[in-house]
Amino acid sequence: MEITSFDDLLRAAHAQPEPQRLLFVFDAAEMTDDATPEQRAQFEAGHGGALVPRMCVDKAPHELDSFDALVREAGQFDNGDWNMVFAAALPGTQHHAPTSADAEAPLQAMVESIRAGAIGNFIPFNRQGKPVQLG
């Protein structure tokens with residue numbers, strides 16, 4: 001299934017043979033201290049910068065009914081200072097859904113991967129819940 005919206009992600013998670021836990025890392029773009037003047041100009045124009053994880057959360061698919069619900073919940077814990085959210089899924093085993101405790105290590109690994117720029121295994125969504133192409 002091609003993911004063209006956040007709703008597609010939710011449908012795909014519900015359709016999997018094993019129960020899923022969805023992992024989300026909210027990130028902001030920041031300018032690095034060693035940026036060149038050209039990079040700074042591009043950043044000011046809304047391009048480039050380094051992705052910095054701001055917060056993360058895991059959810060069972062049935063706990064979310066929309067992207068707006070995820071954003072509203074995130075707003076309870078931050079000031080909305082994020083540009084995109086990366087999503088991944090953690091499958092259960094033998095028809096048992098992963099718990100939040102099960103998701104803790106994979107979620108932290110996801111945060112570290114994003115910090116290192118290794119984002120190929122995640123789906124980035126913009127603030128409107130649309131997948132974005134990075135790179």
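Here are a few questions and answers about the predicted model above.

In this predicted model, local features need pLDDT of at least 70 and side-chain atom pairs count only at pLDDT 80 or more, while totals for chains, interfaces and linings use all residues. Residues are numbered from 1 along each chain as its sequence is written, and side-chain values use heavy atoms, with hydrogens and water left out.

User: Which strands do the buried residues of α4 pack against?
Analyst: Happy to walk through it. Helices here are DSSP runs of H or I with at least four residues, and strands are runs of E with at least two, numbered from the N terminus. Buried means under 20% relative accessible area with a 1.4 Å probe, protein chains only, and in α4 the buried residues are A103, L107, M110, V111 and I114. They pack, by contact of heavy atoms within 4.5 Å, against β1 (20–30), β2 (50–59) and β3 (84–91).

User: Which residue in β4 does V85 stand opposite?
Analyst: Two strands pair if DSSP finds at least two bridges between them. β3 and β4 (residues 123–126) pair in the antiparallel sense over 4 bridges. Within β4, V85 stands opposite F125.

Notes. Buried < 20%, exposed > 50% of the residue type's maximum accessible area, 1.4 Å probe, protein only.
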